[in-house]
Amino acid sequence: MSIVHYEDFVVGEVREMGPRTVTREEIVAFAAEFDPQPMHLDENAAKQTILGGLAASGWHTCSIMMRLLCDGLILNSTSQGSPGIDEAKWKRPVRPGDTLTVRHTILEKRESKSRPGVGLVRQECNVLNQRGESVMEMRFTAMFGKRNP
Amino acid sequence: MRFFDDIEVGWRRELGKHTFTAEEIKRFASRYDPQLFHIDEAEAKKSHFGALCASGWHTAAVCMRTIVDSTKQFTADMTARGEKVAKTGPSPGFTNLKWLKPVYAGDTISFVSEVIEMRPTESRPGWGVVRTRFSGRNQNGAPVYQFDGVVFVERRSA
């Protein structure tokens, strides 16, 4: 498969990435290291919270999305990283056993004024569970090297 | 946490700091962001970053840890003083997340929070919405990371 360069992105193009099943062990391990709140660590304590049961940290969902994006696109591209995320919405809890996919859409693209060999690609990721419900939505820009700088 | 009524725009807290080791940078990246400049020193040296640096999501996750730990401490201190602690709701998301500079292996990042906006909610009586800017600087004082988070905070009962 040829490496994806800036020139290859088409506005409106949709890619599907994943799936990946999220285990209870992974939810608890991530939370123990980075987000040790009861709703991410312990079923009984989580039942008392507004989430109503054990759910992944929102930052864990971001990280899983990143891995699906890496495997589905970035590792086979000229990606040079991202300056940041415009907006992210945590729409539903991610539960143990949920199987996530990413629906990835190219929103816009433009050439970098400051870096001639690089283009900026604005993208949207919609993370869906096995019922097709959106659990997270995110819009961001990333930099990709050009085939013909 | 403080009640919505006791919080004001400009309230600033130091959340804590963290030194990113090469080992933990590679461990996080091998799970969630296995780009070469996050998992291999030699490849990172050849990349536009010039040296091994943390996944942006690793920086975000470590910032969350400082938020959780400092909030637990803040709440414990309130309880110890005999003050009533306000509940907070789940966060609906974030905006304006920026990775301003790479976080390199060995960098120590200090995180702070500052309340930037407050408003009551019509959809959830008894609660208010607090928007907070979280940011991190490295050991040279250079900003490396920021985002704006939103959280629901309980109001004092009338």
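Here are some quick notes on how chains A and B meet and how the strands of chain A pair up.

1. Housekeeping: this is a predicted model, where local features need pLDDT of at least 70, side-chain atom pairs count only at pLDDT 80 or more, and totals for chains, interfaces and linings use all residues. Residues are numbered from 1 along each chain as its sequence is written, while chains are lettered from A and ligands numbered from 1 in the order in which they are written.

2. On the interface, 26 residues of chain A are in contact with 23 residues of chain B (C-beta atoms, placed from the backbone, within 7 Å). On chain B's side, helix H4 (56-80) and strand E2 (93-99) are the elements giving two or more residues, and H4(B) has the largest share with eight residues. Helices here are DSSP runs of H or I with at least four residues, strands are E runs of at least two, and both are numbered from the N terminus.

3. That side of chain B has 13 nonpolar, seven polar and three charged residues. For the classes, Ala, Val, Leu, Ile, Met, Phe, Trp, Tyr, Cys and Pro count as nonpolar, Asp, Glu, Lys and Arg as charged, and the others, Gly among them, as polar.

4. Strands cross the chain boundary too: E2 of chain A (residues 84-90) runs antiparallel to E2(B), with five bridges. Ile85(A) sits opposite Leu97(B) there. Pairing takes at least two DSSP bridges between two strands.

5. Within chain A, E3 (residues 99-111) and E4 (residues 118-128) pair antiparallel over 10 bridges, forming a hairpin with six residues between them. Glu108(A) has Arg122(A) as its bridge partner.

6. E4(A) also pairs antiparallel with E5 (residues 134-145) of chain A, over 11 bridges, and Val121(A) is partnered by Ala142(A). This hairpin has five residues between its strands, and Gly132(A) in the turn has a positive phi of about 80°.

Terms used: Contact = placed C-beta atoms within 7 Å.
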